[in-house]
Amino acid sequence: SSSHDGIILTLTLNRQHEKNVINPTIISLINQALDIIDSHPMLVDTNNKSLIITGLNLGNDNNNVPPPASKSKFFSNGLDLEWFLKATRTKE
């Protein structure tokens, strides 16, 4: 048996039109969320907290109702390869 006496937070990626790919926009949004979490009065003086990151997939019908977890296609579709390749080419 295990227990957790701390605070559990959930951050949901919801950029479905981009399939939650990791790119500068999502990195910036995650950093903003972490800054908010770190400065929140209930959280600033404790290290006893956990963050769960999930991905939201609203499907193709755009009715803003998420499908059951078993129907969700992905958490994130991974790294945005177009952005990554452009970024690595400009550094050469």
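Isoleucine 27 is found in helix α1; helices (H or I, at least four residues) and strands (E, at least two) are DSSP runs, numbered from the N terminus. The exercises below start from this residue. The model is predicted, so local features need pLDDT of at least 70 and side-chain atom pairs count only at pLDDT 80 or more, while totals for chains, interfaces and linings use all residues. Residues are numbered from 1 along each chain as its sequence is written, and side-chain values use heavy atoms, with hydrogens and water left out.

**Exercise 1. Surroundings of isoleucine 27**

Task: Classify isoleucine 27 by its relative accessible area and name the residues it is in contact with, leaving aside neighbours within four places in sequence.

Solution: 
- Step 1. The classes are: buried, under 20% relative accessible area; exposed, over 50%; partly exposed, in between (1.4 Å probe, protein chains only).
- Step 2. Isoleucine 27 is partly exposed because its relative accessible area is 37%.
- Step 3. Contact means heavy atoms within 4.5 Å. With the sequence neighbours set aside, isoleucine 27 is in contact with Ile22 and Trp83.

**Exercise 2. The chain as a whole**

Solution: 
- Step 1. Strands β1 (residues 7-13) and β2 run parallel and are joined by seven bridges. Two strands pair if DSSP finds at least two bridges between them.
- Step 2. Two opposite positions can be found in the model: isoleucine 7 faces lysine 49 in β2, and leucine 13 faces glycine 55 in β2.
- Step 3. Of the 92 residues in the protein chain, 17% count as buried. Among contacts with a separation of 6 or more, 68% come from residues 24 or more positions apart.

**Exercise 3. Serine 76 and aspartate 80**

Task: For each of these two residues, find which backbone atom the side chain reaches.

Solution: 
- Step 1. Serine 76 is in the loop between β2 (49-55) and α2 (81-91), and aspartate 80 is in the loop between β2 and α2.
- Step 2. Serine 76 counts as buried because its relative accessibility is 19%.
- Step 3. The serine 76 side chain reaches the backbone oxygen of asparagine 20 at 2.6 Å.
- Step 4. Not counting residues up to four places away in sequence, serine 76 touches Lys19, Asn20, Val21 and Ile22.
- Step 5. The aspartate 80 side chain reaches the backbone nitrogen of glutamate 82 at 3.2 Å. With the same exclusion of residues up to four places away, aspartate 80 touches Val21, Ile22 and Asn23.

**Exercise 4. Charged side chains**

Task: Count the salt bridges and name the partners.

Solution: 
- Step 1. Side chains of opposite charge can pair when their charged atoms come close. A salt bridge is a side-chain nitrogen of Lys or Arg within 4 Å of a carboxyl oxygen of Asp or Glu.
- Step 2. The count is one salt bridge.
- Step 3. Glutamate 18 forms a salt bridge with arginine 15, and their closest N and O atoms are 2.9 Å apart.
- Step 4. Glutamate 18 is partly exposed at 27%, whereas arginine 15 counts as buried at 17%.
- Step 5. Aspartate 80 is buried but has no salt bridge; lysine 86, the nearest side chain of opposite charge, is 7.8 Å away. Lys and Arg count as positive and Asp and Glu as negative; His and the chain ends are not counted.

Key. A polar contact is a pair of N or O atoms within 3.5 Å; within protein, one must be able to donate a hydrogen and the other to accept it, and residues adjacent in sequence count only if both atoms are side-chain atoms.
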